[in-house]
Amino acid sequence: MRKTLTIWAMLCGVALCSCNKAADFSYEDIENADTLTHHAKYLTIADCGAGVVRVDIANPWRENHILASYALVDRDSLVPEHLAPDIRVIRTPVDRAAVFSSVHTHALQELGALPSVVAIADREFFTPSDTVSKLIAQGQIIDLGPISSPSVELMAASGVTTVLRSPQGGVVATYPGNVVAVECADYMEPTPIGRAEWILLLGELSGQRDEARKIFEEVIDNYSALAFKARSAESPKPKLLAETEYSGVWYVPQGGSYMARMYADAGAEWPWADTTGTGSLSLSLEEVAAKAIDADLWLVRSYGYDTTTATLKALNPRYTAFKAWKNGNIYSCNSKEKNIFNDVAFHPDRVLAEYIAIFHPEVMPDYKLRYFTLTR
Amino acid sequence: MKAVECKNLSVGYGDKVVLSNINFELESGVLAVLIGANGSGKSTLLRTLAGLQLPLSGTVSLGGMDISKTSQRALAKTRAIVDTARHGGGALTVVEAVAVGRNKSLSLFGRMSKSDKEAVAAAIAAVGISDFADRYLANLSDGERQKVMIARAIAQDTPVIFLDEPTAFLDVAARIETMKMLGRLSSQGKTIILSTHDIAPAIARADRLIVVDRDRHSVAVGTRESMIESGALDAAFRRDNVHFDASILDYR
Amino acid sequence: MNSRRPTIVSLIILSLIVVCLPAGLLFGSVDLSASEIIDALCGNGSDMTRFVVVETRLPALITSLLAGAALAVAGLLMQTCFDNPLAGPSIMGISSGASLGVAVVMMLGASYVGIWGNFAIVAGAFAGALAVLLILMLFSAVVRSAEMLLIIGILVGYLTSSVISLLNYFAPERAVHSFVLWGMGNFNSVDLSVLPYFAMLCMLFIAMSFPYIRSLNALLFGVEYARSTGINVSVIRTGLILISGALTATVTAWCGPIGFIGLVIPHIARMALVSSNHRTVLPVTVLAGALVGLLCQILSVAPSMFMSGSIPVNAITPIIGVPVIVYVLLNRRKLLYFN
């Protein structure tokens with residue numbers, strides 16, 4: 001309870017600083033608000049009772065700033081009076097949503113809420129086997145065009161009330177009319193569990209709170225169990241190399257990023273674990289080689305084609321100097337075909353299982369790789 | 001075989017005929033001077049004779065070759081030109097600039113053979129700038145630069161040389177010197193055709209005069225005497241209220 | 001003019017190259033001592049050191065030498081051909097064409113890049129450059145005046161730029177980012193196996209420019225004078241555009257569009273030699289281009305010693321290029337070759 005109050009007080013204080021106007025202290029039931037989120041760094045969901053849920057999304061690019069605040073009000077409930085103007089009201093369950101990322105459509109589909117999605121953007125990122133693609137073909141979901149500039153007209157024409165988008169660099173989107181944009185900054189979370197907890201937000205938006213809670217609890221249990229298995233594995237920790245160079249730059253997740261955390265949780269040695277940032281470093285081939293030319297394992301992700309040793313060599317013949325190449329310990333994933341992006345967001349346990357199976361196969365004897373294959 | 005021969009030549013631009021019905025021939029070893037008022041078409045005629053412009057009709061032959069049917073390379077062996085326009089090459093020395101005239105015999109890489117070097121030295125000596133041989137063009141006066149261009153034409157070693165106002169930037173002494181030098185060249189067998197506004201020295205030395213009549217758009221060619229007699233010299237500047245005085249060989 | 005000057009200048013540049021080339025091996029994000037480098041060059045030392053020295057740093061330095069020389073020559077040819085001191089290799093739109101080819105590959109055929117790797121980029125660049133070259137050749141046969149040809153080249157450049165913008169607008173973020181990174185210029189993409197071919201192409205085209213010395217000198221006096229000394233100006237001009245285009249295409253295909261070097265080195269050569277005579281200016285341009293290319297690579301890598309990441313080549317070249325150009329423009333009257 002005290003913790004809840006402290007968080008609320010901090011948030012209200014922050015709201016004060018960023019909005020430069022008094023937050024609405026007369027907002028009823030504030031003392032009794034029940035915080036639902038405990039792991040996500042940038043998301044706070046608080047149930048204020050009477051069908052009103054308050055959502056605050058912190059700004060990952062500006063410390064101590066709020067990116068966006070929402071009041072999710074059940075359709076049968078009353079919207080509180082005297083709400084601060086920067087709090088956007090969303091009536092739940094959302095009935096006509098535009099969702100820009102396949103990660104979120106997948107989660108909504110899992111929650112049984114796909115019918116509420118009437119529009120998407122960047123159609124080419126939805127694979128043909130995706131239900132969304134089929135619905136697009138049937139005309140039940142509209143493609144709004146590029147994420148960077150979606151067609152506002154089509155949005156209005158399809159009656160979109162809510163947009164689920166991923167914010168870039170702290171820029172909040174506004175759309176004309178009464179369309180509310182929900183800034184899903186889940187991808188900025190530094191921990192896999194923190195990111196997975198965002199499914200609770202989707203649960204609130206779609207009116208599937210219990211279902212979302214169930215999924216999340218399962219993820220926490222699985223993830224913890226798997227991490228424990230990895231910690232107690234007998235085989236030595238493999239030194240890991242990931243990604244490839246493109247256009248002369250090799251992007252390498254820093255030690256504080258959730259990718260690096262996953263690698264660590266799966267029992268691998270990450271050469272850049274001593275860096276604390278949550279983003280990626282832009283390194284040259286030389287810098288990567290300096291730290292990881294002797295890496296035991298190499299994870300490569302490609303989009304739209306299957307990686308083979310031939311394609312890797314064509315990409316850069318200098319890759320053949322790496323130990324992982326010489327020993328044939330390269331695992332690749334064609335992320336267009338395999339669902340890894342969609343799964344890693346809200347089911348990090350599935351991806352963790354895969355990593356553990358690759359890093360410490362003896363711990364997962366019956367596991368069949370579903371994302372990565374050994375590169376030939 | 002005549003050095004220069006025109007048959008039914010008319011010159012001009014596009015549709016505009018500036019001079020027509022031109023017929024004359026020049027032997028080799030002749031110093032011919034082109035005289036006429038401004039805008040009379042002197043330059044146009046000179047350029048057409050030199051093959052820098054196409055004739056509107058008729059033919060020009062140099063050394064028996066119809067120049068409209070001759071390649072630039074062959075033409076370069078027949079005639080050299082000097083004009084008044086100021087060109088680049090400021091950072092070339094006199095020797096380097098004159099060497100450009102030897103293009104036909106230089107190696108592709110610009111190397112000069114012994115005979116090239118000799119020809120260049122001779123050409124520089126002929127125009128009297130041996131003292132400046134290693135100076136940059138940019139550091140020479142306009143007149144000296146003009147001499148370099150003349151030297152370049154001499155170095156090209158062609159039977160015919162066309163010069164457009166070669167004495168334009170020179171002082172009186174230099175003008176006379178240049179005319180004397182051109183006269184020497186012609187007596188050595190070259191055919192020199194030049195246009196000029198500097199009438200008296202030109203007429204004094206010329207073997208032939210090419211006089212352009214601005215009003216009649218015609219050209220008269222002949223010796224000094226015949227031009228005076230025929231009144232062509234007078235007619236050349238008719239509008240300008242001057243007439244030609246044979247006793248001083250100049251206009252007044 | 002001192003007839004010893006060309007020799008002295010050439011020797012100075014050569015010795016600088018000989019000093020800077022091995023010195024360049026010392027610069028990089030990994031701290032290596034001179035003895036470690038020598039070890040690596042001899043085939044000893046750890047895998048990592050050998051990789052860094054022999055596979056990464058050495059090819060980049062040699063590439064920068066060749067690319068600098070190639071672009072410098074391309075610039076010189078264009079400056080004399082068009083009698084324009086501000087002409088550079090990119091003036092005819094060749095590098096824009098190459099950029100367009102790469103943009104098409106990266107944005108429309110992103111999966112091909114994955115499968116064929118760097119080869120797809122290089123092929124795209126060459127295809128784009130050749131397309132532009134073809135257009136120029138067609139016009140060159142019809143258009144007589146140099147100015148018109150120049151304008152056509154510039155217009156082609158604008159056209160390709162707008163098509164590239166269009167592609168950028170519709171492309172996914174990653175592809176746009178890739179393309180932007182490519183456009184920053186990079187001497188690192190030529191690895192040991194490709195280096196011989198790159199070197200051969202550069203040296204071949206540079207060598208092909210030497211027989212044009214005589215004609216280039218004649219062109220200094222203007223097209224009419226040149227023609228009157230027997231130069232077939234149209235043919236020569238076509239040849240110069242072809243060679244310059246080939247040099248630009250080769251360098252752009254592997255290293256991305258690199259600016260300023262082609263524009264500035266001919267001026268440096270002419271100022272150092274105090275001459276426009278291509279018999280000396282052309283070879284010195286080759287040497288000076290190589291040296292400056294080398295310096296640009298060293299300067300772009302040097303900062304990685306104390307901070308993460310290196311500076312892209314195209315951020316370095318203006319640092320050298322702009323002061324020289326400004327100097328040239330301000331001293332026009334005093335510089336002999338302008339008068």
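Start by selecting residues 114-127 of chain B. This is helix 4 of chain B, with 14 residues. From first C-alpha to last, helix 4 of chain B reaches 20 Å, close to the 20 Å expected at 1.5 Å a residue. Keep in mind throughout that the model is predicted.

Now show the side chains of helix 4 of chain B. Its buried residues are Asp116(B), Ala119(B), Val120(B), Ala123(B), Ile124(B) and Val127(B). They cover an arc of only 130° around the axis, which puts them on the same side of helix 4 of chain B. Turn to the face directed away from that buried side. Exposed residues Lys114(B), Ser115(B) and Glu118(B) are carried there.

What do the buried residues of helix 4 of chain B pack against? Select three elements of chain B: helix 3 (94-99), helix 5 (142-155) and helix 6 (172-187). Then step just past the end of helix 4 of chain B. Gly128(B) sits there with a positive phi of about 80°.

Colour it by secondary structure to see 9 helices and 12 strands. The radius of gyration of chain B is 18 Å, close to the 18 Å from the globule rule for 252 residues, so chain B is as compact as a globular protein of that length. Along its principal axes, the C-alpha trace of chain B spans about 50 × 40 × 30 Å. Of the 252 residues in chain B, 47% count as buried. Take the contacts in chain B with a separation of 6 or more: 64% of them are between residues 24 or more positions apart.

Next, display all the chains. Which of the 2 pairs of touching chains has the most contacts? That pair is chains B and C. Chain A and chain B do not touch, and their nearest C-alpha atoms are 40 Å apart. The model scores ipTM 0.89 and pTM 0.83.

Move to where chain C meets chain A. Here 30 residues of chain C are in contact with 24 residues of chain A. On the chain C side, select helix 3 (47-81), helix 5 (110-116), helix 6 (118-142) and helix 8 (173-182); each of these elements gives two or more residues. The largest share, 6 residues, comes from helix 3 of chain C. Colour this side of chain C by residue type: 11 residues are nonpolar, 16 polar and 3 charged.

Stay on chain C and select residues 233-255, which form helix 12 of chain C. At 1.5 Å a residue, its 23 residues should span 33 Å; the end C-alpha atoms are 32 Å apart, which agrees. Is helix 12 of chain C largely enclosed or largely open? Of its 23 residues, 17 are buried, so helix 12 of chain C is largely enclosed by the rest of the structure. Just after helix 12 of chain C comes Gly256(C), with a positive phi of about 80°.

Last, colour by pLDDT. Chain C has a mean pLDDT of 90, and 97% of its residues reach 70 or more. Among the elements of chain C, helix 5 has the lowest mean pLDDT, 69. The highest, 97, belongs to helix 9 (residues 195-209) of chain C. Chain A has a mean pLDDT of 87, with 91% of its residues at 70 or more. Finish by selecting residues 15-29 of chain A. Over this stretch pLDDT stays under 50, and the model has 21 contacts for it beyond four places in sequence.

Terms used. Residues numbered from 1 in each chain as written. Chains lettered and ligands numbered in written order. Helix = DSSP H or I, 4+ residues; strand = E, 2+ residues; numbered from the N terminus. Rg over C-alpha atoms; globule rule 2.2 N^0.38 Å. Buried ≥ 20, exposed ≤ 12 C-beta atoms within 10 Å, placed from the backbone. Contact = placed C-beta atoms within 7 Å. Expected span 1.5 Å × (residues − 1). Arc of directions from axis to C-beta. Nonpolar A, V, L, I, M, F, W, Y, C, P; charged D, E, K, R; others polar. pLDDT = per-residue confidence, 0-100.
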